[in-house]
Amino acid sequence: MKIGDSCIIEPGVLFKHDGIWSEGKSIIIGDRVFLGRFVEFNIRESISIGDDALIASGCKFIDHDHGYSDTVKPMNIQEGREAAIVIEENVWLGVNVTVLKGVTIECGAIVAAGAVVTKSIPRLEIWGGVPACKLGERRESTERFEQVNGRSNLLGVLSQ
């Protein structure tokens, strides 16, 4: 597990590896990430959170399923599918969002409270619902920000 600089991790955040640990499987959290109370990371493969992400209280990240194809064997002993979860930089997940295996949420996207994300979300899109679907888009800004001493500073309008 790797946690970046200047992160805020509120009480009750759970980091859980489901199954037998092996090298290479990990949770990677970038710089200046906010993790609200009772966020849960439940992994077998990997989860990465990009810089400046806002992860509200109660969010869950689960990168695997239980197996269910064999109707004779109990489901709790069947191998399920696993796929990494990637949250890129500057993403905002509202309270109680669930992100499931194989999802990438691209830079600048927003996910509404209570959503269940089963598909990848393109950059700057706003999604919500169960299952989550596109609700809107954020407009591309012509301004640029820079982190200076842990604070964002407006650098001005970029030339087109």
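In the predicted model, E125, K134 and E137 are joined in a network of salt bridges.

Strand β16 (residues 125-128) is joined to strand β17 (residues 133-137) by 4 bridges, and the two run antiparallel, while strand β14 (residues 110-111) pairs with β16 in the parallel sense over 2 bridges. In the latter pairing, I110 has I126 of β16 as its bridge partner. The hairpin of β16 and β17 has 4 residues between the strands, and within this hairpin G129 adopts a positive phi near 105°. The loop between β16 and β17 also contains P131, and the peptide bond leading from V130 to P131 is cis, with omega near -10°.

A further salt bridge is found between E140 and R123, with the closest N and O atoms 2.8 Å apart. E140 is located in the loop between β17 and β18 (143-148) and R123 in the loop between β15 (116-117) and β16, so that the pair ties together parts that are 17 residues apart in sequence. E140 is exposed, with a relative accessible area of 54%, whereas R123, at 39% relative accessibility, is partly exposed. In total, 6 salt bridges are counted in the model.

Another of these ion pairs is formed by the side chains of K101 and D65, with an N to O distance of 2.7 Å. This pair links distant parts of the chain, K101 lying in the loop between β12 (98-100) and β13 and D65 in the loop between β9 (60-62) and β10 (85-87), 36 residues apart. D65 is partly exposed, its relative accessible area being 27%.

With regard to the overall architecture, the protein chain has 0 helices and 19 strands. Five of the strands form an open sheet in the order β1-β4-β7-β10-β13, with parallel pairing. The edges of this sheet are formed by β1 (2-3) and β13 (104-105), each of which pairs on one side only. Inside the sheet, strand β4 (residues 26-29) and strand β7 (residues 46-49) pair in the parallel sense over 4 bridges, and I47 in β7 is the bridge partner of I27. Of the 160 residues of the chain, 34% count as buried. The accessible surface of the chain comes to about 9500 Å², and carbon and sulfur atoms account for 53% of this area. Among contacts with a separation of 6 or more, 30% are made by residues 24 or more positions apart.

One of the buried positions is N42, which belongs to strand β6 (residues 40-43) and has a relative accessibility of 9%. Because the limit for a buried residue is under 20% relative accessible area, N42 at 9% falls within this class. Beyond its neighbours within four places in sequence, N42 is in contact with K16, D18, I47, F61, I62, D63 and H64. The C-alpha atoms of N42 and I62 are separated by 5.0 Å, although the two residues are 20 residues apart along the chain. The side chain of N42 additionally makes a polar contact with the side chain of E40, at 3.5 Å.

Two residues other than glycine with positive phi values are located in loops. S6, in the loop between β1 and β2 (8-9), has a positive phi of about 55° although it is not a glycine, and at 61% relative accessibility S6 counts as exposed. N96, found in the loop between β11 (92-93) and β12, has a phi near 60°, likewise a positive value in a residue other than glycine, and at 44% relative accessibility N96 is partly exposed.

How values were computed
Residues numbered from 1 in each chain as written. Predicted model: local features only at pLDDT ≥ 70, side-chain atom pairs only at ≥ 80, totals over all residues. Heavy atoms only, no water. Pairing = 2+ DSSP bridges. Buried < 20%, exposed > 50% of the residue type's maximum accessible area, 1.4 Å probe, protein only. Contact = heavy atoms within 4.5 Å. Areas by Shrake-Rupley, 256 points an atom, 1.4 Å probe, with all protein chains shown as cover. Polar contact = N/O pair within 3.5 Å; in protein donor to acceptor, adjacent residues only side chain to side chain. Salt bridge = Lys/Arg side-chain N within 4 Å of Asp/Glu carboxyl O.
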